[in-house]
Amino acid sequence: MNSQKKLQNISFQSNLLNECQQLKIFGGKPLTGEVKPDGAKNSSLYALIASVYIKEGFMTFDNVPKITDIHMTLETLREIGMQYKFVENSIKIFGTVKHTSVSDEYASKIRSSVAFLGALLSQYGSVSVPLPGGDKIGDRPIDIHVDVIKAFGGTVCFEGGFVKATIDIENIQGQRIYLRYPSVRATINAIFMAVTANGKTEILNAAREPEIVDLITLLSKMGANIQGGGTNRILINGISQLHAASHEIIPDRLEAGALMMCFAMTGGKGSVVGSIPEHNQPLIHLMQSVGIDISIKDEIVFIDASKPKSAFHIETQPYPGLATDLQAICTAFSLTCPEPCSIKDTVFEERFGHVEELRKMGAAIEKQGNKIFISNNTKLSGAKVAGGDIRSVVSLILAALTINDTSYIGGIEHLRRGHTHFIDKLLSLQADIEIL
């Protein structure tokens, strides 16, 4: 059975989105209602990769979004010898790794595949993985990952688009690791190398993202001894072997942020339920700073965007700053403000593919290096546009929802990589969207 048939048979996408090539959106209507984000894409990917540590039993994961990137990771696990199945709303991973040479059929298409590097190397002593793929948002050097592997005593080389590494697994010693940049995936590779190393590992300048904390929670359930998740200093006492565990994935903060923006940008009123508001505090603060009324009760964020908005000037940062993954929708959001705005992306300098598409809608945006200036002196109109990555497609959809005109949004294959029911959710909020 080919991979496309597998994808359809396990219902990885909503029926509405599965065959969609383009969206027809008539905007200008305030959205209202209640909506809930799916499970976190990135947390799910790292959790699935952690399954390579088990030698018996089942890893059970709940709240995993059935998106293309998850399919790619599951098929990569199957490729190296493990198996998976769906039981009601859970994914169960079982079996053992048979080999550690990962082909580029699936893994080269997603960024998270680089985490197989540390996970497989630390357990089996050798690994070959393709250079990471995913969204085209700028240069992604993996020198930080290589530094981590070398710090633990591994050797690394590059050959034909693959990263190949070897190490003596009997003599992996805990290390003091300093990351020159708080890279999420480099932090994960350091954690993966350390959890079964001999002795103590200290990771300094570690990434603090909620997805890191969620992975540490899972690894702790598997028996790992880890402290400091959510801080820039993680301490790990290595143990000989991890065991299988069950875990529920946290809500996706990026989808939650996009859903909040549905109300904020259209002047609507509604609530986002089932999220962790703390994870989106920078975005919530931004919306409040421009005049949007937001109140929070437990896991519910109430939004009233009926009042006029003011301008803002922001820059993305590693967590707990404003996420680079939210930059594109913040750019679209700026178009609804009455005065000039500016946005600087300090993480990915080339993450501005959406700008040219927004210009087709009439946006007046000037780009200078890793900063853009939005003048807001023109009226937007409907246009035929296409996103080149997950976040740019979402930003174009949100922008179209604000325009009292018809727009056609392409690049939906990228949306399928990160969101299962996003269009269904917009329709539930009374958005005027037609699936073409």
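Here are some notes on this predicted model, taken point by point.

1. Confidence first. Mean pLDDT for the protein comes out at 93, with 94% of its residues at 70 or more.

2. Glutamine 327. Have a look at this one, which sits in helix H11, residues 327-334. Its relative accessible area is 0%, so glutamine 327 counts as buried, the cut-off being under 20%. The glutamine 327 side chain has a polar partner: a contact of 3.0 Å links it to the side chain of histidine 354. Leaving aside residues up to four places away in sequence, glutamine 327 touches Thr316, Ile343, Asp345, Arg351, Phe352 and His354. So His354 turns up both in that contact list and as the polar partner, if you count a side chain at 0% accessible area as buried.

3. Check the peptide bond from tyrosine 319 to proline 320: it's modelled as cis, with omega near 15 degrees.

4. Helix H6. This helix covers residues 143-151, and its buried residues are Ile144, His145, Val146, Val148 and Ile149.

5. Glutamate 88. Here's a positive phi, about 55 degrees, in a residue that isn't a glycine. You'll find glutamate 88 in the loop that runs between strand S4 (82-87) and strand S5 (90-95). Is glutamate 88 buried or exposed? At a relative accessible area of 74%, glutamate 88 is exposed, because the cut-off for that label is over 50%.

6. Glutamine 430. Another non-glycine residue with a positive phi, this time near 75 degrees. Glutamine 430 lies in the loop between helix H15 (422-428) and strand S23 (432-435). Its relative accessibility is 42%, so glutamine 430 is classed as partly exposed.

How values were computed:
Residues numbered from 1 in each chain as written. Predicted model: local features only at pLDDT ≥ 70, side-chain atom pairs only at ≥ 80, totals over all residues. Heavy atoms only, no water. Helix = DSSP H or I, 4+ residues; strand = E, 2+ residues; numbered from the N terminus. Buried < 20%, exposed > 50% of the residue type's maximum accessible area, 1.4 Å probe, protein only. Polar contact = N/O pair within 3.5 Å; in protein donor to acceptor, adjacent residues only side chain to side chain. Contact = heavy atoms within 4.5 Å. pLDDT = per-residue confidence, 0-100.
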